[in-house]
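Q: Hi! Could you walk me through this model while I have it open?

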Amino acid sequence: MGLSRPHKVGNGVPARWVSLFCIASFFLGVLVVNSFWGDPDPEKIDEEASPLEKDQSRRVLHPIANCEKKEAANGVGDILSQVSQTHDVIMALDKTISTLEVQLATARSSKSGNDEGSPMVIKPGGEPLKERQKVFFVMGIMTAFSSRKRRESIRETWMPQGDELKKLEEEKGIIMRFVIGHSATPGGVLDRAIEAEEEKHKDFFRLNHIEGYRELSSKTQIYFTAAVSKWDADFYIKVDDDVHINLGMVGSTLARHRSKPRTYIGCMKSGPILANKGVKYHEPEYWKFGEEGNKYFRHATGQIYAISKDLATYISVHHHILHKYANEDVSLGSWFIGLDVEHIDERSLCCGTPPECEWKAQAGNPCAASFDWSCSGICKSVERMEEVHERCGEGDEAIWHTSF
């Protein structure tokens, strides 16, 4: 007795193939949706999704209806078309899931920063405060226990104080804080000194981090993670406490890139990898960068740089697996290798001190940031910050007359 031949449809394609394809599509759809959503609800997939993405998501959630139509279709072309459509649906859904994962991780980051395990800060009496404040940018000024005079030189020049600092937040959406962790003996004399300084100026952002020069990469990572959990900003900036800043120019510079999703803005460089022990900026993991004499990948110099919200959120989400090299600016640049990131070489963020920045200020094009390359900051910044501010500053009123 001979075997029965498989029934064929259209151009000789076995009907069983169509059925198997539909069944596979159904289980694939269920697997993808249930792995993230549990019980799928088409109305909750993504309220902000485009009409095309919503339609594609509905087709993934209800593949049986699509399969019934395809069962009646004839020809290999129909099957190939279905394969293409299924691929598009999966890609659209994958994009939606990725977006939601980032949003969820951000919420968890906010939640983990509170003792009560709530995504909102709770007052002692139980009254909930507002969620993350929406601002233009957060500027974290990296400082150390031994840098009190540097902080004072900044407060006396380019950083607004008291009511002016609050006004800057409320009217311009600009947050400025000195960023510091704690000592190896929490509650000791160093920490008490910072607490007294904070009581007077209200301009610190304290991190759960043990201070130390060789811990700068870790401090930077913790800063971005903590800042994202506290403020919902378009940009997050890291700057050293021996750099001169013109806030109006910084704001204008960032505003030009506001519509771009993943931007890494700074004075881009590619310096040599120092393999010899005992030298400044020695890289113990030099062998990872290839042959001796190679240079680092392109990255922003560490005196000042800005990253957009998506990149800061990326650091917050993946901070536990991001590798930290000896040099903080190299570490940050390495975290973005392989990502779809736009590197913006903004030369106004790396002007020299007088006379360079003075010439530009006189020409009506003030620098956004100024420092000396030879010192990786302003040389003798405590003594010279006032001079640089007088000769290269944009004027104390510039920030209030600048539109972002």
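Q: Which residue is the bridge partner of I265 in β10?
A: That would be I344. Keep in mind that this is a predicted model.

Q: And how do the two strands pair, parallel or antiparallel?
A: β8, residues 263-269, and β10 pair in the parallel sense, over four bridges.

Q: What's the strand order in the sheet they belong to?
A: The order is β5-β4-β3-β6-β9-β8-β10, an open sheet of seven strands with mixed pairing.

Q: Which strands stand at the edges?
A: β5 (204-210) and β10 (342-345) do. Each has a single partner strand, so one side of each is left without a neighbour in the sheet.

Q: How much are neighbouring strands turned against each other?
A: By 25° on average, if you ignore direction.

Q: OK, helices now. Which strands does α8 lie across?
A: α8 lies across β3 (133-142), β4, β5, β6 and β9. Relative to β5, α8 runs at about 130°.

Q: And α7, which strands does that one lie across?
A: α7 lies across β4 (174-182) and β5, and runs at about 160° to β5.

Q: What about α5 and α7, how do they pack?
A: Helix α5 (residues 148-155) and helix α7 (residues 189-201) pack at an angle of about 10°, and their axes are 13 Å apart. They are therefore roughly parallel to each other.

Q: Which residues meet there?
A: R148, R151, E152 and R155 of α5 meet I194, E197 and H201 of α7. By class, the contact of α5 with α7 has five charged residues, one polar and one nonpolar.

Q: Switching to pockets: what volume does the largest one have?
A: The largest pocket comes to about 1300 Å³. It has 41 lining residues, and the closest to its centre are Y213, L216, K280, Y281 and E328.

Q: Which elements supply at least two residues of that lining?
A: α8 (216-230), β6 (231-240), β9 (299-308) and α11 (328-335) each do. The largest share comes from β9, with four residues.

Q: And how does the lining of the largest pocket split by class?
A: Into 15 nonpolar, 14 polar and 12 charged residues.

Q: How many cavities of 30 Å³ or more are there?
A: The count is two. The second largest cavity has a volume of about 40 Å³.

Q: Which residues line that second largest cavity?
A: I237, V250, T253, L254, I304, Y305, A306 and L349 line the second largest cavity. α9 (247-255) and β9 are the elements that give two or more residues to this lining.

Q: What's the lining of the second largest cavity like by class?
A: Seven of the residues are nonpolar and one is polar, with no charged residues.

Q: So where does β9 turn up again, if I go back over the sheet?
A: In the strand order, β9 sits between β6 and β8. β9 is also among the strands that α8 lies across.

Methods
Residues are numbered from 1 along each chain as its sequence is written. This is a predicted model: local features need pLDDT of at least 70, side-chain atom pairs count only at pLDDT 80 or more; totals for chains, interfaces and linings use all residues. Side-chain values use heavy atoms; hydrogens and water are left out. Axes are lines fitted to C-alpha atoms, for helices over the stretch in contact, and angles run from 0 to 180 degrees between N-to-C directions. Angles under 35 degrees count as roughly parallel, over 145 as roughly antiparallel, 65 to 115 as roughly perpendicular and the rest as oblique. Contact means heavy atoms within 4.5 Å. Ala, Val, Leu, Ile, Met, Phe, Trp, Tyr, Cys and Pro count as nonpolar, Asp, Glu, Lys and Arg as charged, and the others, Gly among them, as polar. On a 1 Å grid over the protein atoms alone, a cavity is a set of points where a 1.4 Å probe fits but cannot get out, and a pocket is an open set with protein on both sides within 12 Å along at least five of seven lines; lining residues have an atom within 4 Å of a point. Grid points are joined across faces, edges and corners, and a volume is the space filled by probe spheres set on the points. Two strands pair if DSSP finds at least two bridges between them.
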